[in-house]
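Here is a short report on one protein chain. Look over the sequence and the model first, then read on.

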Amino acid sequence: MSTLAAATPSRRLSTSDDVAKIIVFLGSGANGNLTGEVIRDGSSAARAPHIGG
């Protein structure tokens, strides 16, 4: 396991398929009332510090 993967809650890095699923959701009718949100893929927590934390 890589150091980055170990630092994520899921213990794995996101794949292109993971990101594609987010994009499909955002473009679908299931996303009827999502506004002003920051959506991070699961492995982004290991790459960048969170604001204020």
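Which residues does Leu34 touch, not counting residues up to four places away in sequence? Leu34 touches Phe25, Leu26 and Ile39. Contact here means heavy atoms within 4.5 Å.

## Model and confidence

This is a predicted model, in which local features need pLDDT of at least 70, side-chain atom pairs count only at pLDDT 80 or more, and totals for chains, interfaces and linings use all residues. Residues are numbered from 1 along each chain as its sequence is written, and side-chain values use heavy atoms, with hydrogens and water left out.

The pLDDT is the predictor's confidence in each residue, from 0 to 100. The chain averages 78. A score of at least 70 is reached by 75% of the residues. Among the elements of the chain, H2 has the highest mean pLDDT, 90. H3 has the lowest, 56.

## Overall fold

The chain has three helices and zero strands. Its pattern along the sequence is α-α-α. Helices (H or I, at least four residues) and strands (E, at least two) are DSSP runs, numbered from the N terminus. Helix H1 spans 3-6 and helix H2 spans 16-26. Helix H3 spans 44-47.

Of the 53 residues in the chain, 15% are buried. Buried means under 20% relative accessible area, exposed means over 50%, and partly exposed lies in between (1.4 Å probe, protein chains only). The chain exposes about 4100 Å². Carbon and sulfur atoms supply 59% of that area. Accessible areas come from the Shrake-Rupley method with a 1.4 Å probe; for residues, only the protein chains shown count as cover.

## The nonpolar patch

Phe25, Leu26, Leu34 and Ile39 form a nonpolar patch on the surface. Together they have about 310 Å² of accessible area. Patches are made of residues with over 30% relative accessible area and no salt bridge; like charges are joined within 9 Å, and nonpolar side chains (Val, Leu, Ile, Met, Phe, Trp, Tyr) within 5 Å.

Leu26 is in helix H2. Leu34 sits in the loop between H2 and H3. Leu26 is partly exposed at 36% relative accessibility. Leu34 is also partly exposed, at 35%.

## Asn31 in the loop

Is Asn31 buried or exposed? Asn31 is buried, with a relative accessible area of 19%. Asn31 lies in the loop between H2 and H3. Leaving aside neighbours within four places in sequence, Asn31 is in contact with Phe25 and Leu26. A polar atom of the Asn31 side chain lies 2.9 Å from the backbone oxygen of Leu26.

## Salt bridges

How many salt bridges does the structure hold? It holds two. A salt bridge is a side-chain nitrogen of Lys or Arg within 4 Å of a carboxyl oxygen of Asp or Glu.

Arg12 is partly exposed, with 41% relative accessibility. The other pairs Asp17 and Lys21, at 3.5 Å, N to O. Asp17 and Lys21 both lie in helix H2. They are four residues apart, about one turn of the helix. Asp17 is partly exposed at 43%, whereas Lys21 is exposed at 53%.

## A positive phi

Arg11 has a phi near 60°, a positive value in a residue other than glycine. Arg11 sits in the loop between H1 and H2. Its relative accessible area is 47%, so Arg11 counts as partly exposed.

Terms used: Polar contact = N/O pair within 3.5 Å; in protein donor to acceptor, adjacent residues only side chain to side chain.
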